[in-house]
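Subject: Handing over the model, with notes

Dear colleague,

I am passing the structure below on to you, together with some notes on what turned up when it was examined. Please look through the sequence and the model first, and then read on.

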Amino acid sequence: MPTVKDDSTAPHGPAFTGRRWLFPSAVIDELDTDGTPPGRPGRRPRRTARDWVVDITCFLISALIGLASAETVSGDPGVPPGLAVADQALGALACAAVWLRRRHPVALAAALTALGPVSVTAGGAGLVALFTLAVHRPFRYVAWIGGASLVLMPFVLWLRPEPGLPYAAAVVLTALLTLSAIGWGMFVRSKRQLMLSLRDRARRAETEARLRAEQAQRLAREAIAREMHDVLAHRLTLLSVHAGALEFRPDASREEIARAAGVIRESAHEALQDLREIIGVLRAGEPDDAGRPQPTLGALDTLVAESRQAGMKVTLVHQVADPAAVPASVGRTAYRIVQEGLTNARKHAPGAEVTVRVLGARGDGLTVLVANPAPDGDVPPVPGSGQGLIGLTERATLAGGRLEHGPRGDGGFEVRAWLPWG
């Protein structure tokens, strides 16, 4: 398998095409790698609709917890009025600072953890800050700041006990809330990382598939070069020798010149025939095809009959104006396209009815269509190289035609080819 290199100049995968407003802007920023130049350096991604909903919800949670704590502080006779006002003012500032949680999660969490012993009303904002820290930063930051918050918690509750709750119950309840916020944030972070890792695997798989396709095409071209050299070298060498003899013997007799010209003409004709055969039978699919008669368009009925005997449902529509006039190389290519289409349908859509349509006329070209609907139920994966359609595309291109393949709107698959005739 070829090694995938990290090349910054290589084309990126497609941009994120889902419903952007349903995803966090941080995730979209990681997935949106369509190769477009980024904006200003250091500029943060724009909030999506989901981000605004989450931010507003976090602010409201902080404010509601802060209001509940403010009523508790105001109703506590042991708290001086000035201290209660300062506590509430710091809590309001902490709630307002929640809007900075995406930009400065570490600084905000550290500041609100330090503010915890001073302001009880900032507790809700502190929980939101710890949640944000767990979502956007690695665990080492959460461990230090979250650990400091858990260590300070018993002292804060000792100095400013919660009315109506025993000290131990207040410590346990507050610790559970803190750990729940941190755990929830770590779960969200792991889910996002899983999504990004799956997308990265998909990109790597696409890159490897592209490299394999390029390698298959390169191997096909190398096979073409080797075959042309092996078959044409002798005939072209013979042609060159006789042409050179005519050039260096201008005094040769008319019989010798005519004999040499005949050899040159025959060698050129045979070289052209060999070249047509090379292009026509290259990538035939089996190593020993060269020693056997090659199939033509007339063998389609036999191919379809064999597939039906194997249990396939095949409908053959043969609408060729003059089948006997189809060139052997074109008919052979059409045969191989139908053969590969039936093989793929047998592997990936067992039991589905396959439609094979061959139509055309001299001057209009030959059109070959192999289509099948979606299979009934799940089909177990079948091992294979996946290079058959790539080889057919290369073969059709060599013959001067074109081949297209892909899924249909109903879930089925279709292979369509056009080959020149005339």
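The notes below begin with how the model was treated and then go from the whole chain to particular residues.

This is a predicted model, so local features were taken only where pLDDT is at least 70 and side-chain atom pairs only at pLDDT 80 or more, while totals for chains, interfaces and linings use all residues. Residues are numbered from 1 along each chain as its sequence is written, and side-chain values use heavy atoms, with hydrogens and water left out.

The secondary structure of the protein chain comes to 11 helices and five strands; helices (H or I, at least four residues) and strands (E, at least two) are DSSP runs, numbered from the N terminus. Of the 422 residues in the protein chain, 32% are buried, where buried means under 20% relative accessible area, exposed means over 50%, and partly exposed lies in between (1.4 Å probe, protein chains only). Among the contacts in the protein chain with a separation of 6 or more, 71% are between residues 24 or more positions apart, a contact being heavy atoms within 4.5 Å. The protein chain exposes about 25,300 Å², of which carbon and sulfur atoms supply 61%, with accessible areas taken from the Shrake-Rupley method with a 1.4 Å probe; for residues, only the protein chains shown count as cover.

A search of the whole structure finds six salt bridges, each defined as a side-chain nitrogen of Lys or Arg within 4 Å of a carboxyl oxygen of Asp or Glu. One of them joins Asp55 to Arg101, with the closest N and O atoms 2.8 Å apart. Asp55 lies in helix 2 (residues 49-74) and Arg101 in the loop between helix 3 (81-97) and helix 4 (105-115), so this pair ties together parts that are 46 residues apart in sequence. Asp55 is buried, at a relative accessible area of 3%, and Arg101 is buried as well, at 3%. Asp55 and Arg101 are also linked with Arg102 in a network of salt bridges.

The loop between helix 3 and helix 4 also holds Trp99, which is partly exposed, with a relative accessible area of 30%. Together with Trp52, Ile56 and Leu60, Trp99 makes a nonpolar surface patch of about 380 Å²; patches are made of residues with over 30% relative accessible area and no salt bridge, like charges being joined within 9 Å and nonpolar side chains (Val, Leu, Ile, Met, Phe, Trp, Tyr) within 5 Å.

Another salt bridge is formed by Asp200 and Arg204, whose closest N and O atoms are 3.0 Å apart. Both residues lie in helix 7 (residues 167-248), four residues apart, which is about one turn of the helix. Asp200 is partly exposed at 34% relative accessibility, and Arg204 is partly exposed at 45%.

Strand 4 (residues 402-407) and strand 5 (residues 413-419) run antiparallel and are joined by six bridges, where two strands pair if DSSP finds at least two bridges between them. Arg402 has Trp418 in strand 5 as its bridge partner. The two strands form a hairpin with five residues between them, and Gly411 in the turn has a positive phi of about 95 degrees. A salt bridge also connects Arg408 with Asp410, the closest N and O atoms being 3.0 Å apart.
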